[in-house]
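User: I have a structure open and want to learn the terms used for it. Please take me through them one by one.

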Amino acid sequence: MATNNIVLKLRAHEANDIFFRELSAMLRGVRATVESPALAQLATALMPAVLEETKVQLDVQQLSEACKVCIAHIEDVVEEEEEELTQSARLTSNSEASTSQSQGSKGGGLEVLGQLFLANEDFRGRVKRHHIAAEIQAVEQAGERVEATLAAAFKAVTQYSLLHDPKPTRPALVFDPVNSAVWIKLAKGSQAAKQAEAFELVHPHDRYGKAIADRHCTKEVEEALNEYRYACDAAHVAVRAQLKLLADTLQGWLLQLVAASTFAIIAAALEAHTHEAARRGWALPTQLHKGAGGEGQGMQVQGLWPYWLDGHAPTTVKNSFNMSSMYLLTGPNMAGKSTILRSICAVALLSGCGLYAPVQSAVVPYTDAFMLRNFSADSPLEGKSSFAVEMVEMRYVMDDVTEDSLVLVDELGKGTEVRAGAAIAGAMLERLSAIQCRGIFATHLHQLVGMPLHTPNMVNMMMETEPASGVEGGGRGAGGQQPISAAITAQLGAPADLAYHAQQLGMGGRVPTWRMVEGSSSESLALDVALQCQVPPEIVRRAAHLFKELEQQSQAHPPQQDVATLPNPLQELHQSLSSMTNDSSLSLTLQTPSEVAMQSPVSIGGPTIEDAAHLLRSVAHPLLASLSSHQAGLDSPSGAPSEAQHAQQAQHAQQAAHTNGDGHHAVATSAPYGDSDKAVDDDQLQIQVVRGGEVPPPSTVGCSCIYILRRGDGRFYCGQTDELKGRLNRHRKTGKVRGGGRLEAVYLVVPGEGQGQSTARAVEAQMIQEQQAALGAGSQTAAILSCVNWVKPPSMLMFY
């Protein structure tokens, strides 16, 4: 039984007799286990786990005594199920006796009373009879009165009907479960129904007080039924009271009950695991403990197979290895690299728990952390690509890994350019090797094999493949593999027609053996896998042709610089960003995300929301003036600009931005701009500030706005929207790091009807150019932005 269920039911007085029977059965099982000489060692070994889980300090004898006392309390109150059947036998005997006295139609005599008794006396067998003896006696007396009064009324009307009515229209007794009653049913138009008043029969009332037209009974029967129902209700109340008292009694033993429940759960799990492990042929690994020579030892495994496969099957491939350092594992697609990682992690974890594992034998050293990093997906909510998620996860690994950790990394660097991914993967592999932890680094980045990495403890391993029989060169062993088409069908699960296409395309020449061996592999079964996944054969055929061309190009034009000799990507980034400014006082400092998040804008003299307002005005003022002056020449004859004209305006505005001799944006300060009557004045360029906790006014509804918001960590967003209030609310709900309720913003409502959105986008684009120019000029605006980067996701400019 679950421990939380025990605590909840006892404290809330919601425990019924079934709960107490199950609790008693569990306690008897725990007591039998701890008192069994054969299981004494097991019981003693489980007690530390119980203590760790419950924090209840008990030894085996104390637990046994607590179970004994609680069982006695339960058995004193709750009835056994066998006695429940004995108590119900009275109802059956009454029903048989009533049937022999009835002269009515079959199934409509006094035996119907048995249904009434069974439906209302379900309190029987729940608690011991001596606890509710008075209530049971009252119920039995009331039941006898119901039987007597109903039998008298039914007998009189039945004898009359036998003489005056045909058999199908004779009276019958019916049980109404909704109203918990037994009434006489008289056929409409029968002689007995016409003489109902002579027999003092009346129409009874249902639970809502409404008369039932086709049912009859006497006043004596109605009174007897009411008395019986009241007696049954009193018996139910008495039963519930006894169960509540029992719950109160057991609350004094609540800690011991929680400990017993935890003991039972652990023991049951071990029993189920042991039986299943024996059925599957799993073995119990030898676990080397910390402080007993288990630190820094190798992981020695004989006959490892995937835990989801049948170890007895002849087709199951088993691997053996002695892993005392990091493995660099290469191999083609569908060769089993990920399977090896999962299987090793399962063995280490099961061994650490003292459980059986899918191996023939294993010696597993002490492991302080199990780190399995599989494929990553992107996280749009956090603004992270799949590669960014990979980097975050690997940062966690690097923060926590020690020489006693098991690190299993699968396909790192898949989400970026091959050379950069290989460089980052190589650097991380060097770090893991330097720490001297154990694990596997599985990859398709074959450049890692040839890199001059500083990994003295690393071992190159690969997933083996071999030629299928029927291919020139033969297979491993006489008649080792099937023909090519059969191999594709059997090994890759492809239909027979796809296997035929594979043979026609020259594929299927090699098949995986699922074995991990020493060495390095640059093979790829990508085209075979594509065919297996039922990619159209013509596409695979074209892919094979392109693949050969790429191979020929690679051989004809070898790379001038090997990946291993490429400069550090972060160093290139630092140099490229440093060259963007002539101000020697501006420098780029590479920081971790945690350092950036903790850095206060005030402590570093960061830009304020007023600086953002100045930036917005300096960019928007001349741009909107240029758009306004250019509008007159672009209006259509109808007076309304077309969509093409909107785009032309935006393009013209960006081309017409005022620049100085160095190509940097010159901030205009005078107004109005232009000579047209549509020129923009200062009243149209009111920069509004929204402080923390405030919301934009209703006047912004339906208007295109340019906004810059300042997050709580000092970073800024810039973007355009037609729903400013909703956009700010979404920003404020993304968490404290992004500002929360403290988020501030400045905004500008873009003037112009029907073209506000295109104008706002033009202003947004111009702000990107302003930032680039400001960084090059080393101006005051550059000082605002010197410590931030700009990123442009869809419809949103984010600079931080």
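User: Why is Glu-75 called partly exposed?

Analyst: Glu-75 has a relative accessibility of 35%. Buried means under 20% relative accessible area, exposed means over 50%, and partly exposed is in between (1.4 Å probe, protein chains only). The value for Glu-75 is 35%, so Glu-75 counts as partly exposed. A caution on the source: this is a predicted model, where local features need pLDDT of at least 70, side-chain atom pairs count only at pLDDT 80 or more, and totals for chains, interfaces and linings use all residues. Residues are numbered from 1 along each chain as its sequence is written, and side-chain values use heavy atoms, with hydrogens and water left out.

User: What makes Glu-75 and Arg-28 a salt bridge?

Analyst: A salt bridge needs a side-chain nitrogen of Lys or Arg within 4 Å of a carboxyl oxygen of Asp or Glu. The closest N and O atoms of Glu-75 and Arg-28 are 3.5 Å apart, and the two form a salt bridge. Glu-75 sits in helix H4 and Arg-28 in helix H2, so the pair ties together parts that are 47 residues apart in sequence. Arg-28 is partly exposed, at 39% relative accessible area. In general, side chains of opposite charge can pair when their charged atoms come close.

User: Why are H2 and H4 called roughly antiparallel?

Analyst: Helix H2 covers residues 17-35 and helix H4 residues 60-77. Helices (H or I, at least four residues) and strands (E, at least two) are DSSP runs, numbered from the N terminus. H2 and H4 pack at an angle of about 150°, with their axes 9 Å apart. Axes are lines fitted to C-alpha atoms, for helices over the stretch in contact, and angles run from 0 to 180 degrees between N-to-C directions. Angles under 35 degrees count as roughly parallel, over 145 as roughly antiparallel, 65 to 115 as roughly perpendicular and the rest as oblique. H2 and H4 are therefore roughly antiparallel.

User: How many salt bridges does the whole structure have?

Analyst: A search finds 18. One of them joins Lys-55 and Glu-52, at 3.8 Å from N to O. Lys-55 counts as exposed at 60% relative accessibility. Glu-52 counts as exposed too, at 57%.

User: Are Glu-140 and Arg-124 buried or exposed?

Analyst: Both are buried. They form a salt bridge, with the closest N and O atoms 3.5 Å apart. Glu-140 lies in helix H7 (residues 133-164) and Arg-124 in the loop between helix H6 (113-120) and H7, so the pair ties together parts that are 16 residues apart in sequence. Salt bridges that share partners join Glu-121, Arg-124, Arg-129 and Glu-140 into one network.

User: How do you know that Ala-192 is buried?

Analyst: Ala-192 has a relative accessible area of 0%. The value is under the limit for buried, so Ala-192 is buried. Ala-192 belongs to helix H8 (residues 191-194).
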